Amino acid sequence: MSGMSDSLVIARRNVTRMVRIPEVLVFGLIQPIMFVVLFSYVFGGSINIPGGGHGPSGYREFLMAGIFAQTVTFATAGAGAGIADDMHKGLIDRFRSLPMSRGAVLTGRTLADLVQTALTLVVLAVVAVLVGWRTHENVASVLAGFALLLLLGYAFSWIGALIGLTVRTPEAATSGGLIWLFPLTFISNAFVAVKGMPTFLQHIAEWNPFSATVAASRELFGNTNGQAVKSVTGAWPMEHPVIASILWSVLIIVVFHTLAVRKYRSATA
Amino acid sequence: MPGAIYAEGLVKTFGDVRALDGVDLDVPEGTVLGMLGPNGAGKTTAVRVLTTLIRPDRGRAEVAGIDVLAHPDRVRRSIGLSGQFAAVDEYLTGRENLTMVGRLYQMSARDAKRRAAELLERFHLADAADRTAKTYSGGMRRRLDLAAALVVSPPVMFMDEPTTGLDPRNRQQLWDVIQELVAGGTTLLLTTQYLEEADRLAHDICVVDHGRVIARGTSDQLKARTGGERVEIVVHAAEHITVTEQVLRGFGKGESAVDPHTRKITVPVAGGAKLLAEIIRELDSRGVEIDDIGLRRPTLDDVFISLTGHVAEATDGSREAGGDGEGGTGDKGGKAAGAGASAAAQERAGGETAALRETAARETTVAREAADGDSADAGKEGVK
């Protein structure tokens, strides 16, 4: 199928770019590393996680899944800026005038972002271990946790692709890809326990697709301090985080893939 | 039989702006059509429709005998597009760029590599093949962009302002490449703001303004429409302009045009060099001091002005942003070629010319306002 080989040609192109512009990767790493350090040492002593996270080390275990998940969602901005840049430079015009698969430019982009996200996670995991993060499950379970994080990142890069095709300039795509991520990632179970939020926020937080992946990977890493994940509001995704995480990510991919490819067909710089 | 590029009644609107307002085209196989017009005229939109990038609101088009709207993917296999902006990836090397395009034309990896090497050689980029395109000069990028459009040796090529922004030497180089290509039998549609470029490269020229083809023909036919040769006089002192005009009224075939800044008076004439001598004698007898006098054949600049009522380069606020100051330099020298043919053409075109001019002038005033705020095409073509 030409769709897959076209996608790989484009993915290879984007990975080559990534290697030649390492600044992007480096700056992309600084922010989450800063978060790991700041949250661990600044908030770590003050935030008590119900269910037994004792002091700084307990919070660090709780925190990492949240930081990892937030980091992978930043792929949105990368994908958006990349696609917008291609539009702006006229490359999308060139691609659209070629007899190639219609979705390949976007798939190629999101696959390259997946590679970048994976690299980022590796570095971040090392830093996390250095500040005291430990997993308490077997290797397969931990890897499954990372796989769910990657799937979430992949899903979010499709949102980014749509943003990039819509806004047309890389600058707008970067900010348009980032601003909504802050409420999305903070109104969740990523950094604090949902229990302490006002009731209406608890509902939002527990149905937030982002929370599902955080809860799932936290569970798969064994960072729940030996307790089963519990929902505060009785939301289904919190009771079944792994399945919910997969469902949410697949749903996002299907919806945004469809919208983005449709947009691409009529995209004009 | 329709030509290799054929379009009928193409209409495309962006909001209130009719970027294309009923464009018909017919480019016979193996020939070059130069599409000439200012920023925002609709040239790029026409190319985008023909290369399957946008769908027209109305009309139909065929490229290489394939219906553009019904089978866009088959059209894409038969065309090469070289854009106004060098659409190459600046972080890839020249070789990587061409190999990627080859792969996307569904070539095998090995064929794509071989073809890339061939093209790099042919476009004098072999030495820079493994440097990223970011390090290339403007001219090298254009050549790489053109090479990318030629990866599969497509029978039909589209070039959207291929030399805009290039210095004269690079422009010359690119023209040589294009001429070589056309000699090989490729059908080419070329858009340009440079009248000289159309004159030099195209068999046929169509002049586009405000989304319409307002004139078409060979370069000589179009020149003939402006009324043949003219005398151009620069007087030494501004107070001599009026008397010079009076003198010229006796010799000229039409209204004279005066540019008070340069003290230049231009008037259409018939009679050639002999007439020139008479004019000089007459002005001399009246004590008019002449800085410069010459007989010149109309350039495509003149054609454009007479057809559209404005010059080809950026003429107003919104367009200035896009103009790069080299807009309509044209060939001031005036060409002697084709004088005989043009006389015949003039006869044929004669009746049509006046009407055309009138229509064009009317359209210009009416459509100006709309086009000045032209979002779609002008914006697109204006961005640097």
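Mentor: Some terms to start: helices (H or I, at least four residues) and strands (E, at least two) are DSSP runs, numbered from the N terminus. Two strands pair if DSSP finds at least two bridges between them. The model is predicted: local features need pLDDT of at least 70, side-chain atom pairs count only at pLDDT 80 or more, and totals for chains, interfaces and linings use all residues. Residues are numbered from 1 along each chain as its sequence is written, with chains lettered from A and ligands numbered from 1 in the order in which they are written.

Trainee: OK, what do β12(B) and β13(B) form?
Mentor: A hairpin, with 4 residues between the two strands. In the turn, B:Arg263 has a positive phi of about 55 degrees.

Trainee: And how many bridges join β12(B) to β13(B)?
Mentor: 3, and the strands run antiparallel. B:Ala257 stands opposite B:Thr266 there.

Trainee: What about β11(B) and β13(B), how many bridges?
Mentor: Those two pair in the antiparallel sense over 5 bridges, and B:Ile233 stands opposite B:Ile265.

Trainee: Switching topic: how many residues of chain B are in contact with chain A?
Mentor: 25, against 20 residues of chain A; contact means C-beta atoms, placed from the backbone, within 7 Å.

Trainee: Which element of chain B gives the most to that side?
Mentor: α3(B), with 5 residues. α2 (72-78), β6 (79-82) and α3 (94-104) of chain B each supply at least two.

Key:
Two residues are in contact if their C-beta atoms, placed from the backbone, lie within 7 Å.
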